[in-house]
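Colleague: I'd like a close look at how the chains meet in this model. Please take me through the contacts slowly, with the residues and helices named as you go.

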Amino acid sequence: MWNWIVAILSDPNTRWILLGCLLLGFSSGIIGSFTFLRRQSLMGDTLAHAALPGICIAFMLTETKSVGLFLFGALVAGIVATFGISWITRYSRIKQDAAMGIVLTVFFGIGVVMLTRIQHGASGSQSGLDKYLFGQAASMVMTDVYVMGGVCLVLLIACLAWFKEFKLVSFDPGFARGMGLPVGMLEQLILLLTVIAVVAGIQAVGVVLVAALLVTPAAAARCWTDSLSLMVLLAGVFGALSGATGTIFSTLVPNLPTGPVTVLAATVLFAGSALLAPRRGLLARRLRSLQAKSAYLREEHATLQTLSAQRAQQERGEL
Amino acid sequence: MSDAILFEKSQLQPNANHLKGTQPTSAPLSVRDLAVAYHKKPVLSGVSFDIPEGQLIGILGPNGAGKSTLIKAVLGLVPKMHGEVKIFGQSYREQRRRIGYVPQRESVDWDFPTHALDVVMMGRYGHLGWFRRPGKKERDLAAHCLEQVGMGDYMYRQISQLSGGQQQRVFLARALVQDAELYFMDEPFAGVDATTEKAIISLLEQLKKQGKTVLVVHHDLATVEEYFDHVLLLNGRLVAGGPTNEVFVPDTLQETYGGRIAMIGSRSEKGQV
Amino acid sequence: MATFWIILTAILVSSACAILGCFLILRRMALVGDAISHAVLPGIAIAFLWSGSRDSLWMLLGATVFGLLTVFFIQSLQAGGLSSDASIGIVFTALFAVGVILISLNAAHIDLDLDCVLFGEIAYVQWDTLTLGGTDVGPRAVWMLGITLLVILLVIGLFYKQFKLCAFDPALAAACGIPVVLFHYLLMGLVSMTSVASFESVGSILVVGMLIVPAATAYLLTDRLGKMILYSVLVGAASSVGGYIMAYALDASIAGCMVAVAGILFVLALLLSPKHGIVFRYARRKFAAR
């Protein structure tokens, strides 16, 4: 086993991929904690789907495949998407989940139309865009890892700098607004960071699965602690672990893509946490509710005994 | 556990102690040792009472006292940790046809594409079985009930266009159409205008005249004496229960609501501030 | 002729989805529908491995089970205290990941292209025909979808009042003795079946798009559930036809164009619907203010 790991790490290519996925998992877990707490876990999924037309337009305008460019395109598309969602919910009787679904599918559909146009065009077959959609972590090179590293750094610094503000905005936006915090801007900032994590994540795990990188480690971390700072850190660690596991397993087994394995690793971590965490885990809670019930029953039983003794006394007294 | 029995003479058996461990009766609603817990926090514990027939009963208590939970537990909408509930001496499932339920207004999506008459007809779905569709009979019945609550002109109005009070009256019409003998109403007076409030109370009086029993979760202490014959005071447990004039007194109210309560301008014989 | 089969397939998909989509939207379960359409992938892969081909009705049923499993897992997580959005996100991504892994590892035995998973290959639907007793009775996809649509019409038609009440007021439904959980799973089972039947021909984007967008459009156009379902089907059909024309003109993905057209129709309804459209509401307010 140890030999295996050494063998893996000795291949420079694998090292880069491993580092990239580690960083990606870590930063996604961190920003994912906030979206998780704000009950916007599926926003990652929506943004990932909505990003496609932005990326396509970026490609169509510049004819180059550059991650930075894609990021920008995805960002613009993501912002348009969020505006679309709030617009629909505000000006019609359509509720938020349906609005997200509409924006998600329509943007993605438009993106697919653009994608197929690109593919049928001259420069299309070189675009590698559809590989982008499914995540080809294996094709990550040094420059990509630098970008990941940059992404991670940006996310970390932002979360550290505005930790208190993000915390308040996630917990009680009304109160934050009352305090004078620029809630709108902070929410946009969180959104921005989420888009960054999403676009970076699409590269590694693909459009459909990127939501998992944001949600699952955060949900797993939540089971272990009630402290936000600890949760954020733990989510990052879980995310990094998942990324590492995904990379290692996919290098070991032929034909195994990195993305899905990463997601599965994160899910296993979540399942374990949900079951075994002390206090918030399922087993712990079952145990406690059983204890509560039996304590209650014991009290009831004791009271009943006292009562029937009392009643017996009364009857004897009345006779 | 609790104090000595306070109101032995009243029709409604108060206080857990008195009824604890006894068998449920064939009263419209008979509850023994009911306990409900969410996760591990007990919301209701040791609740036992019998409801007299043909009366208007108010369920009172502070927020989180378990009033809505009590109704939901009786109707099987939340699981019980412990206890027995009998409706006219039998289980809820067997007596479903004899019960009417008016849930809180927020529990429903008022943007649903339907009109008032349709909502009232939905109250008959339980009587139609699996495959029968609502027909003319149901429609006429529903229209009649809407008229009874004063909403006859709004039969085909889209429900999102109705005011809060009108929505509440539609809910009441829906309860009426269920043609029950025992009604449960969860905060029917919450957030309604004066006209609707009058309409609701006159409807309740009508039901009482017909010999029906109505349990109402209520929040407005000022109107309790006027509206209800009996009250149940809840605060996680049954603090007291019985005829309003006996139970609705400062001592029990303070025990229910904690803190001092000012009773202004009410009966002068039984305790005051 | 090819055009005919393609459009027919698309209309069958959109009709099936439109009917179910109305209930999904009203029950605020649009994203659960999205999740199911992705989560059936492992079911399809397993059915492939099992039966060795794509031929059986068993694949339809077997993969449908995965849709039900998805709902079960989501419910379990929610019952455990996890928020609904997180429950959905965790479950469908995990299942989709399993599906992708199964397909990747068994590429030799599973004749399913991952691109096909997202976009489908509706243009090729006509070639894959079914032979019964020696005669060619038309594309297999059309048969599967036709049967699915029939089942949907039957189930929804028979239990219309139950589905309606469960969508409007589940508490009353439960109090009336209607098995709310059963109907929930029944609805989701139908969504699952539709996703599977549509998967190969149109891929998951079209399925999700057709589940949500036409129904949302219809929601803005009427205040009666029955009419909402009808309009939803009509809008879906219009998107199918319009999308095909657009795809032909632009030489682009057919499924993508169909969703795009559905989106355009939605925006039109959002702005111009006489009852709920923004333009008319604004005009009414201005008029009333005068």
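Modeller: Gladly! Let's start where chain C meets chain B: this contact draws 19 residues from chain C and 18 residues from chain B. On the chain C side, the elements that each supply two or more residues are α8 (160-168), α9 (170-176) and α11 (225-250) of chain C. The largest share of that side belongs to α9(C), with five residues. Sorted by class, the chain C side holds 13 nonpolar, two polar and four charged residues. Please keep in mind that this is a predicted model.

Now turn to the contact between chain A and chain C, which takes in 47 residues of chain A and 48 residues of chain C. Several helices of chain A give two or more residues to this side: α4 (67-91), α5 (96-120), α6 (129-134), α11 (210-222) and α13 (258-276). Here α5(A) has the largest share, contributing 15 residues. The chain A side is made up of 29 nonpolar, 11 polar and seven charged residues.

For α11(A) and helix α5 (residues 84-105) of chain C, the axes come within 9 Å and cross at roughly 115°. The crossing of α11(A) past α5(C) is left-handed. If you'd like to find the pair on screen, select A:Ala211, A:Ala212, A:Val215, A:Thr216 and A:Ala219 on α11(A), together with C:Ala86, C:Gly89, C:Ile90 and C:Thr93 on α5(C); these residues make the contact. Six of the residues in this helix contact are nonpolar and three are polar, with no charged residues.

Chain A contains 14 helices and zero strands. Its radius of gyration is 25 Å, well over the 20 Å that the globule rule gives for 319 residues, so chain A is more spread out than a compact globule. The box filled by the C-alpha atoms of chain A, taken along the principal axes, is roughly 105 × 60 × 35 Å. Of the 319 residues in chain A, 48% count as buried. Among contacts in chain A with a separation of 6 or more, 71% link residues 24 or more positions apart.

How values were computed. Residues are numbered from 1 along each chain as its sequence is written. Chains are lettered from A and ligands numbered from 1 in the order in which they are written. This is a predicted model: local features need pLDDT of at least 70, side-chain atom pairs count only at pLDDT 80 or more; totals for chains, interfaces and linings use all residues. Two residues are in contact if their C-beta atoms, placed from the backbone, lie within 7 Å. Helices (H or I, at least four residues) and strands (E, at least two) are DSSP runs, numbered from the N terminus. Ala, Val, Leu, Ile, Met, Phe, Trp, Tyr, Cys and Pro count as nonpolar, Asp, Glu, Lys and Arg as charged, and the others, Gly among them, as polar. The radius of gyration is taken over C-alpha atoms; the globule rule is 2.2 Å times the number of residues to the power 0.38. A residue is buried if 20 or more other C-beta atoms lie within 10 Å of its own, exposed if 12 or fewer, and partly exposed in between; C-beta atoms are placed from the backbone. Axes are lines fitted to C-alpha atoms, for helices over the stretch in contact, and angles run from 0 to 180 degrees between N-to-C directions. A crossing is left-handed if the near helix is turned anticlockwise from the far one by less than a right angle, and right-handed if clockwise.
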